[in-house]
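Please take a first look at the sequence and structure shown here. A short report comes after them.

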Amino acid sequence: MATQNTKTLARLMMAPSVIVLLVWMVVPLAMTLYYSFQNYNLLTPMNVSFAGFFNYQYFYTDPAFFQSIWNTLVLVLGVLAITVIGGTAIALLIDQPIFGQGIVRILVISPFFVMPPVAALIWKNMIMHPGYGVFADIAKFFGMQPIDWFAQYPLFSVIIIVAWQWLPFATLILLTALQSLDSEQKEAAEMDGANFINRFIYLTIPHLSRAVTVVILIQTIFLLGIYAEILVTTNGGPGYASTNLTFLIYRTARLGYDVGGGAAGGIIAVVLANIVAIFLMRAVGKNLDK
Amino acid sequence: MARKVTTGAKIGWTIAAWVVALLIFFPILYALITSLKTEQEAIAGFSLIPSGTFENYVTVQTQRDYFKPFMNSVILSLGSTILALIIAIPSAWAMAFAPTKRTKDILMWMLSTKMMPSVAVLLPIFIIFRTFGLLDSRVGLTVMLTLINLPIVVWMLYTYFREIPGEILEAARMDGASLWKEIVYVLTPMAVPGIASTLLLNIILAWNEAFWTIQLTTTNAAPLTAFIASFSSPQGLFWAKLSAASTMAIAPILILGWFSQKQLVRGLTFGAVK
């Protein structure tokens, strides 16, 4: 029924968002690519010159670079492990017949709506503070020495905060998937004598695998860009102990005024994100065909 | 045949679930409680019973002009959401009702723009903003938030519009409805719930966006994310006041969020999980 007329109209209707997104994608990225080959410091904006691969080399030979890549990996994988395992457990728990399921759900998903700076500051000051935090109060209650979380375990502390923020997301998605599991199937399995563990392994896990894939991929996209949580808690330190790639680029670009170096780091970040993106697009794309 | 559940088991599961839920919710609850304490109480060790003073809320406003970043958050999140909807509704509409061979590719490409790491384009954006005098301006930041959320808005609207049955349009047309009447009386009522859900989720995302809002503002256009982040140093606000500012910053969005659980799943998984 699509006549030539409606086709033209459809193209016109799509034009604004396509053009806007095209400009948004191409212009800044092209600029980043260009800057990455330039010697350009915002403090000396008159001395701009071609740098070849110097910026990449500089980034690549900086010991902070490898540490930040490692930290990024630990941060992403740590948060993923906690949220996927914890999320599955909590989703299974909430899916049981319980009183007040609606309220339990609301309580569990709430951290997701807390803006990152607030989440990080609540944890930093009220929960993990070595002098006045709740963890310190608990340690003192048991007669133990309170832990100075952000000084002793900076990256782990950031992981805890970020995991708290994303646990609700994983739980909510997995719960939604669980509730779409056909109850007749469950009953049939029960009638056939499958116990809880067998039902979990042969029925629940295969059913959840798709949702878990989606959770992992989407969270990875967001986790690669963790910034505000680090900024307000450890500021990347001590040293580079809790600096991820995003934060290192921010440091180079905004605090070091090094446009070229920051741009080279940006291109590396784009490449990394793209590797993840390819997998995500496949998973989402499959669903479109249905 | 419904599953038989013994009351004992139900009580056991209930207790377990409530313990877990309260533990997860605890930091938010504790911030709320601390906001009702005096500064002395706030650092006096663990206590769940505040003296119940509202002084902190007043002080945050009088000393720090809390209302300004709050209004900035409202303006930025509403403005960017409405702008994104205006741009996205026609294209989502076209893709849902007049799909071509390339529709899927366009959708996937739009999604891919969401995956570009923000920090990779931080400098170009910063330099562009500086050149055009957009740093620390609400206009600049509204545009920025529109851009980063546009792919999600298009996707969400598309998944909703796709569920509107096309036959209903044909039926209306057979009955002699003009295109205008078709849009006003048939399509709009069916599209409104989807648009409302998209609006809701996008306001939440824009409200909580904490990279560009911190990078591109200083004081004038700073929304709550940047305002709160500026208190990361211990000299900033004391804890009871910080808790009051935090509680006010998250309360509106927390309540909106509770109403949008289902849409959240759908919007953030790009329709992959419903």
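Predicted model: local features only at pLDDT ≥ 70, side-chain atom pairs only at ≥ 80, totals over all residues.

Residues are numbered from 1 along each chain as its sequence is written, while chains are lettered from A and ligands numbered from 1 in the order in which they are written.

Chain A has 13 helices and two strands. Helices (H or I, at least four residues) and strands (E, at least two) are DSSP runs, numbered from the N terminus. The overall dimensions of chain A are tabulated here.

| Property of chain A | Value |
|---|---|
| Radius of gyration, over C-alpha atoms | 24 Å |
| Span of the C-alpha trace along its principal axes | about 80 × 75 × 30 Å |

Now the interface. 83 residues of chain A are in contact with 82 residues of chain B; contact means C-beta atoms, placed from the backbone, within 7 Å. Helix α1 (residues 4–35) of chain A gives the most to this side of chain A, with 17 residues.

Chain B is divided into domain 1 (7–58) and domain 2 (66–230), with bounds from an automatic or database domain assignment. Their centres, taken over C-alpha atoms, are 36 Å apart.

B:L157 touches B:A88, B:I89, B:A92, B:G194, B:I195 and B:T198, not counting residues up to four places away in sequence.

Note on methods
Contact = placed C-beta atoms within 7 Å. Rg over C-alpha atoms; globule rule 2.2 N^0.38 Å.
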